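Visitor: I have just opened this entry and would welcome a short tour. Could we go through it topic by topic?

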Amino acid sequence: MTREEAFVQSIPFLSFQQRRILREQAQDLALWNLPGNDGSIETLWPEDYDRTSKNEVRKIYNTFMSHMENLRKKEIDYSTFNPDYDFKGKGANINTDFKSPERIMGKCPCPRDGEQTRCCNLKTLDAVQQCAFACSYCSIQSFYSQNEVRVLSDLGQYLDKMVLEEGTWHIGTGQSSDSLLLGDDYGTLSALKAFAKKNPDVVIELKTKSSRTDWIKDDIPSNIISTWSVNAKTPAQKEEHLAASPESRIKAAAACAQSGHLVGFHIHPMVYFSGWQKEYSNLVKTICDSVDPKNAVMIGIGTLTFTKQNLRTLRESGRPTRVTQMSLSPIAGKFSYDTETKKKMFSHVYSCFPKDWKDNVFFYLCMEDPLLWEPCLGRSYSCNSDFENDMKAFYLSKVRRMASVN
């Protein structure tokens with residue numbers, strides 16, 4: 001039992017639900033590592049309260065919850081957050097003898113039932129399992145408990161025999177690991193290139209936070225799109241541990257585009273922190289100054305979204321982070337920022353892109369409420385299939401245009 005859990009357990013007159021909520025709040029406070037009296041539940045909870053008074057305990061509980069709600073409404077102040085981690089050995093254990101399980105194809109984690117978010121029907125391919133980066137918000141850490149990166153040694157054979165499900169046109173490989181962290185060191189990209197050549201009408205999307213460029217070669221099929229997840233400088237420094245800097249990622253993307261290959265960017269997950277407007281403006285400018293929009297396929301925009309398991313893993317890790325210093329509003333079975341905060345962030349980023357980018361690149365909101373599309377991007381879709389068909393037509397037209405050039 002942690003110190004925070006023991007403290008909460010010692011408070012009398014709490015219901016089971018109140019105790020659970022208070023324990024989660026205490027865990028978050030411990031992770032945020034805030035200065036002064038906001039640093040822990042012990043410093044915020046009065047020492048001299050009357051332990052025999054149920055009414056006083058309730059009053060203190062309500063006051064504490066109100067204070068936490070106010071903390072969550074504020075922009076995160078990263079100037080007081082300087083985590084010091086030892087990631088020695090992280091990702092060093094690479095298992096190249098791992099055989100493909102019975103199923104390595106999945107689907108986008110968007111909740112398609114009820115169309116609570118706009119979903120593009122992305123299929124996912126677990127070519128590599130576990131990531132050697134250590135982003136604090138990463139959901140992959142919830143999938144795999146072991147610190148071992150597993151490379152499918154028989155990926156080529158598996159893909160050669162695989163029969164695609166009807167309607168499959170877009171496959172991503174960044175759901176279970178970083179797509180380009182290992183380059184083609186173990187033949188993963190070679191297997192994907194052979195598969196892409198065999199299926200020219202299927203878009204293979206690679207997604208990375210690395211800055212490697214040694215894998216870029218002339219024989220990359222035009223239907224392989226390399227994309228980079230990029231963030232503002234401060235959250236990248238404070239939360240995206242061991243990943244390449246945003247500048248290095250964009251530089252790698254530029255090298256890929258200059259070699260005649262299609263690229264894309266995921267400005268995701270956006271973080272609501274002090275100085276976010278200026279830093280995300282600078283990020284967009286760097287992208288636009290580095291890459292010709294004619295070589296870019298898409299810009300995906302989204303923010304921090306957690307499942308219950310993600311939050312549980314984060315809280316139990318004990319690793320300092322401020323990503324949970326947010327409203328954690330429930331949406332589509334997950335937890336994220338409130339709608340107004342999202343609207344403010346997404347609208348700002350989109351407004352920073354010049355017209356030639358908006359005319360030549362497909363912008364979309366990733367795993368977000370359909371009601372955010374119109375106020376943020378100036379367009380919307382009545383259903384998931386309309387969104388998917390529009391994305392498919394745009395992606396494939398760009399792929400075919402690039403194929404004709406090369």
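This is a predicted model: local features need pLDDT of at least 70, side-chain atom pairs count only at pLDDT 80 or more; totals for chains, interfaces and linings use all residues.

Visitor: Which residues have the most contacts inside the largest nonpolar core?

Guide: They are Trp 228, Phe 265, Ile 267, Tyr 280 and Tyr 395, and the core has 107 residues. There is also a second, separate core of 18 residues, with Leu 22, Ala 26, Leu 29 and Tyr 61 among them.

Visitor: What does Trp 228 touch?

Guide: Leaving aside residues up to four places away in sequence, its contacts include Leu 180, Trp 215, Arg 249, Cys 256, Phe 265 and His 266.

Visitor: You mentioned Cys 256. How far is its sulfur from the closest cysteine sulfur?

Guide: The closest one belongs to Cys 288 and lies 17 Å away, which is too far for a bond. Cys 256 is also buried, because its relative accessibility is 0%.

Visitor: And how many disulfides are there in total?

Guide: The count is zero. Cys 131, for instance, is in no disulfide, with the sulfur of Cys 138 as the nearest cysteine sulfur at 5.9 Å. A pair would need its sulfur atoms within 2.5 Å.

Visitor: Is Cys 131 buried or exposed?

Guide: Cys 131 counts as buried, because its relative accessibility is 8%.

Visitor: Changing topic: what is the strand order in the antiparallel open sheet?

Guide: Its three strands follow the order E13-E15-E14. Strands E13 (305–306) and E14 (329–331) each have a single partner strand, so one side of each has no neighbour in the sheet. Between E14 and E15 (residues 334–336) the antiparallel pairing runs over three bridges, and Ser 329 has Ser 336 of E15 as its bridge partner.

Visitor: What about the sheet with mixed pairing?

Guide: That open sheet has three strands in the order E1-E6-E4. E1 (94–98) and E4 (128–129) are the edge strands. E1 runs parallel to E6 (residues 149–152), joined by three bridges, and Ile 94 has Val 149 in E6 as its bridge partner.

Visitor: Last topic: how much space lies in the largest pocket?

Guide: The space comes to about 1100 Å³. The lining has 50 residues, and those nearest the centre are Ser 139, Gly 174, Gln 175, Lys 207 and Met 367.

Visitor: Which helices and strands each supply at least two residues of that lining?

Guide: Among them are helix H5 (140–143), strand E8 (203–208), strand E11 (263–270) and helix H15 (384–405).

Note on methods: Residues are numbered from 1 along each chain as its sequence is written. Side-chain values use heavy atoms; hydrogens and water are left out. A nonpolar core is a set of buried Ala, Val, Leu, Ile, Met, Phe, Trp, Tyr and Cys residues joined through side-chain atoms within 4.5 Å. Buried means under 20% relative accessible area, exposed over 50%, partly exposed in between (1.4 Å probe, protein chains only). Contact means heavy atoms within 4.5 Å. Two strands pair if DSSP finds at least two bridges between them. Helices (H or I, at least four residues) and strands (E, at least two) are DSSP runs, numbered from the N terminus. On a 1 Å grid over the protein atoms alone, a cavity is a set of points where a 1.4 Å probe fits but cannot get out, and a pocket is an open set with protein on both sides within 12 Å along at least five of seven lines; lining residues have an atom within 4 Å of a point. Grid points are joined across faces, edges and corners, and a volume is the space filled by probe spheres set on the points.
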